[in-house]
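Keep the viewer open as you read.

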Amino acid sequence: MSINLNRRAFLKLSGGVAGTVAVSGTWDVLTKEQIASAVTTDEGTQVIPVLCNHNCGGRCQIKAHVKDGVVVRITTDDRPDLENNPQLRACLKGRATRNRIYHPDRLKYPMKRVGKRGEGKFKRITWDEATDLIAKNLKKIVDQYGPHSVYVNYATGDEGAMAGRTSAKRLMNLMGGYLGYYGSYSSACLKYTAPFVTGYRDTNTYQTLHHSKLIILSGFNPAETVFETNSNYYLAKAKKAGAKVIVIDPRYTESAATFGDQWIPIVPATDTALFSAMAYVIITENLHDQAFLDKYTIGFDEEHMPEGVPAGNSYKSYILGTTDGKPKTPEWAAAITGIDANTIINLAREYATTKPAQLLQGLGPQRHAQGESSTRAGIVLAAMTGSIGILGGGWGGGEGGRKLGLDVGELPTGDNPVETQISVFMWTDAVVRGTEMTEKDGVQNGPLKSNLKFMWNLGSNTLVNQHADINKTIKILEDESKLEYIVVSDQFMTPSAKYADILLPSDHAFERYDFGFPWTGEEYILFGNKAVEPPGECKHDYWWMSKVAEKLGLGEKFTEGKTQEDWMKQLVEDAQKADSQFPSWEELKKKGLYRKDTIEYVAFEKEIKDPANNPFQTPSGKIEIFSKTLFDMKNDEIPGVPKYTPAAEGPEDPLKEKYPLQCFGPHIKRRTHSTWDETPWMEEAEPQTMWINPEDAQARGLQDGDKAKVYNDRGALVIPVRVTKRIRPGVVSIPQGAWYTPDDKGVCQRGCINILTSQRPTPLAHGNGQHTNLVQVKKL
Ligand SMILES: Nc1nc2c(c(=O)[nH]1)N[C@H]1C(S)=C(S)[C@@H](COP(=O)(O)OP(=O)(O)OC[C@H]3O[C@@H](n4cnc5c(=O)[nH]c(N)nc54)[C@H](O)[C@@H]3O)O[C@H]1N2
Ligand SMILES: Nc1nc2c(c(=O)[nH]1)N[C@H]1C(S)=C(S)[C@@H](COP(=O)(O)OP(=O)(O)OC[C@H]3O[C@@H](n4cnc5c(=O)[nH]c(N)nc54)[C@H](O)[C@@H]3O)O[C@H]1N2
Ligand code: SF4
Ligand SMILES: [Mo]
């Protein structure tokens, strides 16, 4: 129990640790007596279930030990650890939350901008002034430009039922609506593409993993990205039951180190070439499940094509090179993927002959410039081996995609009268040229009647830090004639917060009531108590949004007479009506958790077991290996069957001569995106470094720990290097989420990868190919 405290004491005493200044500042909040009391006695200490509610892949139970109004310690789930109801134990971040809530840099007062936009100069104002200014500017902009000019930015800092983004949507719907978005930064390509193949997106639960004999983790790193609190528990269980685990990843990840029997270091952005060659081996060695393909799919071979499509367009024709004269052999793929032909042959044979097997794709491969194609090609492999709709099979594909979960609501937003939507990644375009954007730019139910003029950025660092090409973004934001008003609420002065016109200090999840929803549709709900008072004048977003609504004459409609706590009580009552076992408010406050036993859920089971009554929800009613809808788009980058097309800034781009290294930003365990970057304990646990292979380091005279400059035509950053064989040659990785910290020349000193990424959208989903970048590295 005293590990954290020992570390704290150590940090306070030691002078030389990075971030010491901030750490000792933090600890000034607690007296020596308070620290001692947490170690020695629990007398007078209340243990209160609270929430860890960021977008981290997990949703674990944490409990605040509160004494004299101060959180002195954090513990986690201590219920019995049962096979079908395992504990929801917290990771290092959740357990370190004191370092975040008592951080000396917490925003404490509402502020308005006084310098140039982005300069970071603010003046403290009252809540009354802040809400006045927001109401006045919002009204002016909506009156002048209409509802299409207002945008509620992607925001995942607060994932609760009462999140600020939800309040903003509720208010905007009362005012005539706002420009909506579809997709996400997480799974844009997967989300958009999977429905073309299987009708909707769904995956087997991780509880079923132990039925698999072979698990391929393809760009999937749950040891760090979690994807459900207990995914690693289920992977361990599968290993124990005898499953072999193969990891396909340019990096030797924590998942590879923990679970991997084999690591296949692939060249980034080439998964489709690998999958195509696996298909070649499977077809030519007759290892495919023809009966499954005949019954459940269209487009695999020429005998099963939709009407009216010219010959030669089936998947088999593509793979065998019948039409283009290029068979997709293992040798062909070896030259592209950097994986030798024999490894590809063995992988294909093993995948096709080990039953049941599953190819679990993470979201990394689809966050590439051609992210749509690898998703599709992976599903096709699963279909070719009859691995869909069965226990132990499946194709993975991540977050929020399952058809499970409890029926618990959130603050109702009402309906948005505006039907026009953009892809979430295209908002910067919508600021600059919204009215000129068309379907080709991914606009749905368009056109936009105005460019974007008003931005709500509540619990988000996507305004600057998490969106691509920061230099391009900040140029757009600095021009006040474009986005005329930006409202940000956050707990810290993030790179996005610096671009606010009005900057509002948010309370923390420990300082309010809310729900925590599990990521992938597991059947439980967490409840978070208000355990401590917020510092300064921090308020929940719903509170100040109610004031804004009042000032716009919409107060009663917005609140329906309810405070945030009243809404939570209402949501609990509604959930109780839907489920007689759902706990009361008082029970939730005490236990902080309502959980059903886990079940082994198989996606698409009914479509496979009883296809006559449950056709796939595609135009043909089958799994569409060939999609006529996509084929009819007549776009080489969106072919009828998944094809490997070299990506812009991928390994085959001639730009490689100038910028020879492929660079992407993995999600790592010490941060949730940019959240926790400010936390010194986390920095000590895992400092921000760039992985580089010894070959590439040596060629540049770089040694472990040296500082390097990484750059391309869009920008530059400085970062210490970690020289390691854990990344393949030709590739460097810079963990995403570090705070953009420019020097006077605009060179980021902290290593924020989005100074290097591009705003080029992916061809079909108009999503973020933020993992596809070419760079050069030189020693500083
Ligand atoms: N600790 C932590 N966990 C998180 C998050 C976090 O920020 N921190 N974020 C959460 C969120 S919102 C999301 S969306 C998910 C993101 O989850 P993912 O998108 O799956 O995570 P990434 O780290 O981007 O990519 C996963 C792996 O793909 C590898 N990879 C990159 N390019 C390629 C490629 O071309 N081919 C192959 N085969 N592999 C490739 C990377 O090296 C990495 O190990 O994680 C969630 N979990
Ligand atoms: N290059 C690159 N960029 C990426 C990715 C990548 O893989 N590579 N991944 C993308 C993905 S998958 C995602 S999901 C996005 C995530 O991007 P964001 O949704 O912007 O997530 P965060 O960076 O965690 O920022 C959340 C902010 O909310 C604040 N916050 C926390 N709690 C609260 C609260 O209770 N109230 C309020 N008002 N604020 C709060 C935090 O301090 C933080 O500043 O990033 C994307 N960006
Ligand atoms: S950060 Fe995520 S994985 Fe870690 S304790 Fe919190 S909810 Fe769990
Ligand atoms: Mo995400």
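This is a predicted model: local features need pLDDT of at least 70, side-chain atom pairs count only at pLDDT 80 or more; totals for chains, interfaces and linings use all residues.

The buried residues of helix 7 are Gly164, Arg165, Thr166, Ser167, Ala168, Lys169, Arg170, Leu171, Met172 and Asn173. An α-helix has 3.6 residues a turn, so residues three or four places apart point the same way. Just after the helix comes glycine 176, whose phi is positive at about 110 degrees.

Now zoom out to the whole chain. The protein chain contains 27 helices and 26 strands. Its radius of gyration is 26 Å, close to the 28 Å that the globule rule gives for 780 residues, so the chain is as compact as a globular protein of that length. If you want a box for the C-alpha atoms, roughly 70 × 65 × 60 Å along the principal axes will hold them. Of the 780 residues, 63% count as buried. Among contacts with a separation of 6 or more, 74% come from residues 24 or more positions apart.

What does the surface look like in terms of area and atom type? The accessible surface of the protein chain comes to about 28500 Å², and carbon and sulfur atoms contribute 50% of that. As for charge, there are 93 positive and 95 negative side chains, and the centres of these two sets lie 3 Å apart.

Next, the aromatic rings. A pair of aromatic rings is described by the distance of the centres and the angle of the planes. The structure holds 29 aromatic pairs. One of them joins tyrosine 513 and phenylalanine 527 in a tilted arrangement, with 6.0 Å from centre to centre and 40 degrees between the planes. This pair links distant parts of the chain: tyrosine 513 sits in strand 17 (residues 511–516) and phenylalanine 527 in strand 18 (residues 524–530), 14 residues apart. Tyrosine 513 and phenylalanine 527 are both buried.

Which kind of aromatic pair do tyrosine 513 and tryptophan 585 form? Their pair is tilted, with the centres 5.2 Å apart and 50 degrees between the planes. Tyrosine 513 belongs to strand 17 while tryptophan 585 belongs to helix 23 (residues 585–591), so the pair ties together parts that are 72 residues apart in sequence. Tyrosine 513 has a relative accessible area of 11%, which means that it counts as buried. Tryptophan 585 is likewise buried, with a relative accessible area of 11%. Elsewhere, ring pairs link Tyr151, Tyr154, Tyr181, Tyr185 and Phe425 into a cluster.

Lysine 355 and proline 356 are joined by one, with omega at about -10 degrees. You will find proline 356 in the loop between helix 16 (341–353) and strand 12 (357–361). Another cis bond runs from glycine 446 to proline 447, where omega is near 0 degrees. Proline 447 lies in the loop between helix 18 (427–433) and strand 14 (454–458).

Positive phi values also turn up in residues other than glycine. Alanine 269 has a phi of about 70 degrees although it is not a glycine, and its place is the loop between strand 10 (262–264) and helix 12 (271–284). Is alanine 269 buried or exposed? Its relative accessibility is 17%, so alanine 269 counts as buried. Glutamate 649 also has a positive phi, near 65 degrees, and it lies in the loop between helix 25 (628–631) and strand 21 (661–664). At 3% relative accessibility, glutamate 649 counts as buried.

Our last stop is threonine 675, in the loop between strand 21 and helix 26 (680–685). Threonine 675 is buried, with a relative accessible area of 14%. What does threonine 675 contact, leaving aside its neighbours within four places in sequence? Its contacts there are with His54 and Arg100.

Conventions:
Residues are numbered from 1 along each chain as its sequence is written. Chains are lettered from A and ligands numbered from 1 in the order in which they are written. Side-chain values use heavy atoms; hydrogens and water are left out. Buried means under 20% relative accessible area, exposed over 50%, partly exposed in between (1.4 Å probe, protein chains only). Helices (H or I, at least four residues) and strands (E, at least two) are DSSP runs, numbered from the N terminus. The radius of gyration is taken over C-alpha atoms; the globule rule is 2.2 Å times the number of residues to the power 0.38. Contact means heavy atoms within 4.5 Å. Accessible areas come from the Shrake-Rupley method with a 1.4 Å probe; for residues, only the protein chains shown count as cover. Lys and Arg count as positive and Asp and Glu as negative; His and the chain ends are not counted. The place of a charge is taken as NZ of Lys, CZ of Arg, CG of Asp or CD of Glu. Rings of Phe, Tyr and Trp (its six-membered ring) pair if their centres lie within 6.5 Å; planes under 30 degrees apart count as stacked, over 60 as edge-to-face and the rest as tilted.
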